[in-house]
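Q: I have a model open and I'd like to learn how to read its packing. Could you walk me through it?

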Amino acid sequence: MGTGPRRTSVFSGSKPMEKLPKLLLMTVCQVCTNVEVEFLPVYVPSEEEKKDYFLYANNVRSVMARSLGMPVTDHTYEDCRLMLTARDLTLPMEAGLVEFTKISRKLNLKWDNFQKQLEKYASIADLSKGGRIGIEEFADHLKLPISDVLKELFALFDRDKDGTIDFREYVIGIAILCNPANSEDTIQMAFKLFDIDGDGSITEKEFSSLLRSSLGVPDLDVSKLFQDMDADESGKLSYEEFKNFFLNHPEYAKLFTTYLDHQKYYLHVLQQEEEETKNLEPFIAGNQDVSSSGTDESSSSSDKKED
């Protein structure tokens, strides 16, 4: 490891290329460069590390980081590529820092997935919020009003609960929350829910009726959203149109599964109430019999007194 007399890096900042002339000037002006070299002890891999080169590399890196007194991160060259893409999309460059290798390995995502998601993220994010997505931008993107259900979905994305969604949270949310919910079974179930008359297509009236119910917004205008889904402009949604929209907009899948979970919960509560009522019916009937018999006895005794 080598250290020069200057402890500050001229490459600090978001645009290192702008400081290249300064770097060249400082290099030319410094006639003699002093270098300190520290040799660390040879790191001998264990039997486990010999079998797992990732483990070996990470442990060596940790030893070097401890010697330098620096933290360890999983940022790689792909993060630099994402930073440059973020800059081209007029986002802050740090928006692309997502620890690409760690996330891609855990979520099984490829470079193309990240690039497409970053482009989509850039179309939603608000530069005034540091290139992040607030609840307002989230609602505008989904073409839906801010409601309790939408806030619940937003909170699932907002992992650090700071009121905004950064690109890392957005990628993880799409991969973990939305894509698994975007299964064929979920899409078919959602289509059947909207297809109220069961004719194999969804009209705007059917679509708005259920969406208003699920979001709890009685005066919701869904005409723009319906037009985006109606690819052939027939005034009705076929299953293929519905499915394609869901696959291209996975956020909606989680929105409707959240609604279905709510419905299942309400049904469960209703079933419990019905069972409790049924269990109480014998006691209620018994009490009624006792009260009626008591009334009969009192009326008969009063008759005797009159005689």
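Predicted model: local features only at pLDDT ≥ 70, side-chain atom pairs only at ≥ 80, totals over all residues.

Q: Which residues have the most contacts inside the largest nonpolar core?
A: F114 is one of them, along with F138, F207 and F242. That core has 53 residues.

Q: How do I read a pair of helices, say α4 and α6?
A: Look at how their axes approach and at what angle. Helix α4 (residues 77-88) and helix α6 (residues 111-124) have axes that come within 11 Å and cross at roughly 25 degrees. Angles under 35 degrees count as roughly parallel, so α4 and α6 are roughly parallel to each other. The crossing of α4 past α6 is right-handed.

Q: Which residues make that contact between α4 and α6?
A: From α4 you get E78, R81, L82, T85 and A86, and from α6 W111, F114, Q115 and L118. Sorted by class, that's five nonpolar, two polar and two charged residues.

Q: And what about α10 and α13, at what angle do they cross?
A: Roughly 125 degrees, with the axes of α10 (residues 184-194) and α13 (residues 239-248) coming within 10 Å. That angle makes α10 oblique to α13. Here too, the crossing is right-handed. On the α10 side, E184, I187, Q188, A190, F191 and F194 make the contact; on the α13 side, Y239, F242, K243, F246 and L247 do. The class count is eight nonpolar, one polar and two charged residues.

Methods: Residues numbered from 1 in each chain as written. Heavy atoms only, no water. Axes fitted to C-alpha atoms, helices over the stretch in contact; angles between N-to-C directions. Helix = DSSP H or I, 4+ residues; strand = E, 2+ residues; numbered from the N terminus. Parallel < 35°, antiparallel > 145°, perpendicular 65-115°, else oblique. Left-handed = near helix turned anticlockwise from the far one by under 90°. Contact = heavy atoms within 4.5 Å. Nonpolar A, V, L, I, M, F, W, Y, C, P; charged D, E, K, R; others polar. Core = buried A, V, L, I, M, F, W, Y, C linked by side-chain atoms within 4.5 Å. Buried < 20%, exposed > 50% of the residue type's maximum accessible area, 1.4 Å probe, protein only.
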